Amino acid sequence: MRHVIALDVGGTGMKAALVGADTALSGDTAPSPPRLLHEARRPTGRERGAEAVVESILAFAEDLRAYGEEHLGESAVAAGVAVPGIVDAENGIAAYSANLGWQDVPMRRLLSERLHGVPVALGHDVRTGGLAEGRVGAGRGADRFLFVPLGTGIAGAIGIDGRVEPGAHGFAGEIGHIVVRPGGVACPCGQRGCLERLASASAVSLAWAEASGDPAADAADCAKAVESGDPRAIAVWRDAIEALADGLVTALTLLDPRVLIIGGGLAEAGETLFVPLRAAVEERVTFQKLPEIVPAALGDTAGCLGAGLLAWDLVAEATRPATAARTVENAKTAGTGGPSADPAPDSDPSADPNPSADSDSSEVTA
């Protein structure tokens with residue numbers, strides 16, 4: 001069965017799948033649900049160093065290829081991998097990751113070599129997750145969307161007609177570093193008062209641990225305390241939502257999305273987050289059009305599904321030149337004055353001038 005390899009590399013673990021051919025191949029057509037033929041997970045082993053992490057990724061991909069050969073009857077036709085940090089997707093370089101310790105890793109080339117030359121797509125983890133949410137998740141059918149996961153940090157994926165915009169230098173969507181509280185808490189990026197230092201899951205965890213006096217308390221505990229009416233938790237939650245609403249209104253003013261998709265750990269609080277967040281955003285908009293604000297639909301599988309979509313996009317792109325050439329040739333032979341437009345002078349005028357037309361399709365399906 002035709003399939004691709006999909007890998008989502010995180011700071012501590014990797015998620016992988018073999019994704020079947022009935023997955024949507026591009027943003028040009030209505031997507032069908034991804035068909036996951038096989039799923040697996042492994043630790044990255046980052047405690048062993050950057051080189052060991054890279055080898056873990058390559059070995060995982062190699063094992064997935066072998067699984068496909070044994071259980072699906074053929075090798076994967078392409079692979080997609082999503083990685084954290086700074087990514088040069090155009091050149092296939094995992095440029096930098098503080099969590100994994102690597103720098104300028106030629107991930108696309110290394111994976112392609114390990115997978116016997118199949119094409120490989122490399123993507124940024126958040127943008128790749130956003131691609132999946134936009135095509136087959138919460139943003140399905142929307143021509144413009146913004147995907148914002150609230151996790152350890154805050155990033156964003158800008159969706160446009162089934163694609164995710166990387167920006168001129170691969171930094172598009174970094175809304176976690178919009179300054180919403182000038183002069184506020186210092187951020188590792190060098191600024192002060194960045195959105196992710198106030199409204200990420202990790203920021204809420206820190207604030208609630210301090211407010212509650214429990215160093216082990218986290219954002220999920222804060223949400224439960226909000227639901228029980230704890231005034232300390234309500235204050236922490238309110239501050240985070242106000243900062244988040246400020247940042248989101250800046251983003252929607254610039255991007256004008258039709259759908260705003262909120263994911264990540266903080267979104268697991270459900271309506272405890274979404275009811276006050278929708279109200280806070282609505283209070284802040286003036287001339288802007290208020291987008292639909294919805295929870296992400298794919299959970300922690302979004303990155304893996306997006307990597308599969310990236311891989312199928314490669315397959316689709318490879319078939320387009322052949323498809324276009326055959327379409328042009330068919331148009332020539334079917335057009336007025338073409339070689340089969342009229343029957344030969346001595347032939348039966350009622351005969352089909354192109355008897356094989358019904359059996360010769362120009363459609364190439366990946």
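Author: In this predicted model, the largest nonpolar core holds 44 residues. Val148, Trp237, Leu248, Ile262, Leu273 and Val281 have the most contacts inside this core. Two or more core residues come from each of these elements: strands S9 (144–149) and S12 (259–263), and helices H5 (201–212), H6 (219–227), H7 (231–255) and H8 (271–284). H7 gives the largest share, 12 residues.

Leaving aside residues up to four places away in sequence, Leu248 touches Val148, Ile175, Leu260, Ile262, Leu277 and Val281.

Another core, of 29 residues, lies apart from the largest one. Leu7, Val9, Ala61 and Val83 are among its residues.

Helix H1 covers residues 50–72, and its buried residues include Ala61, along with Val54, Leu58, Phe60 and Leu64. The buried residues of H1 pack against strands S1 (3–9), S2 (13–20), S3 (36–43) and S7 (102–105), and against helix H2 (107–114). After H1 comes Gly73, with a positive phi near 85°.

The surface also has a nonpolar part. Ile86, Tyr96 and Phe171 make a nonpolar patch there of about 300 Å². Ile86 belongs to strand S5 (residues 86–88). Its relative accessible area is 36%, so Ile86 counts as partly exposed.

Notes
Residues are numbered from 1 along each chain as its sequence is written. This is a predicted model: local features need pLDDT of at least 70, side-chain atom pairs count only at pLDDT 80 or more; totals for chains, interfaces and linings use all residues. Side-chain values use heavy atoms; hydrogens and water are left out. Patches are made of residues with over 30% relative accessible area and no salt bridge: like charges are joined within 9 Å, nonpolar side chains (Val, Leu, Ile, Met, Phe, Trp, Tyr) within 5 Å. Accessible areas come from the Shrake-Rupley method with a 1.4 Å probe; for residues, only the protein chains shown count as cover. A salt bridge is a side-chain nitrogen of Lys or Arg within 4 Å of a carboxyl oxygen of Asp or Glu. Helices (H or I, at least four residues) and strands (E, at least two) are DSSP runs, numbered from the N terminus. Buried means under 20% relative accessible area, exposed over 50%, partly exposed in between (1.4 Å probe, protein chains only). The expected span of a helix is 1.5 Å times one less than its number of residues. Contact means heavy atoms within 4.5 Å. A nonpolar core is a set of buried Ala, Val, Leu, Ile, Met, Phe, Trp, Tyr and Cys residues joined through side-chain atoms within 4.5 Å.
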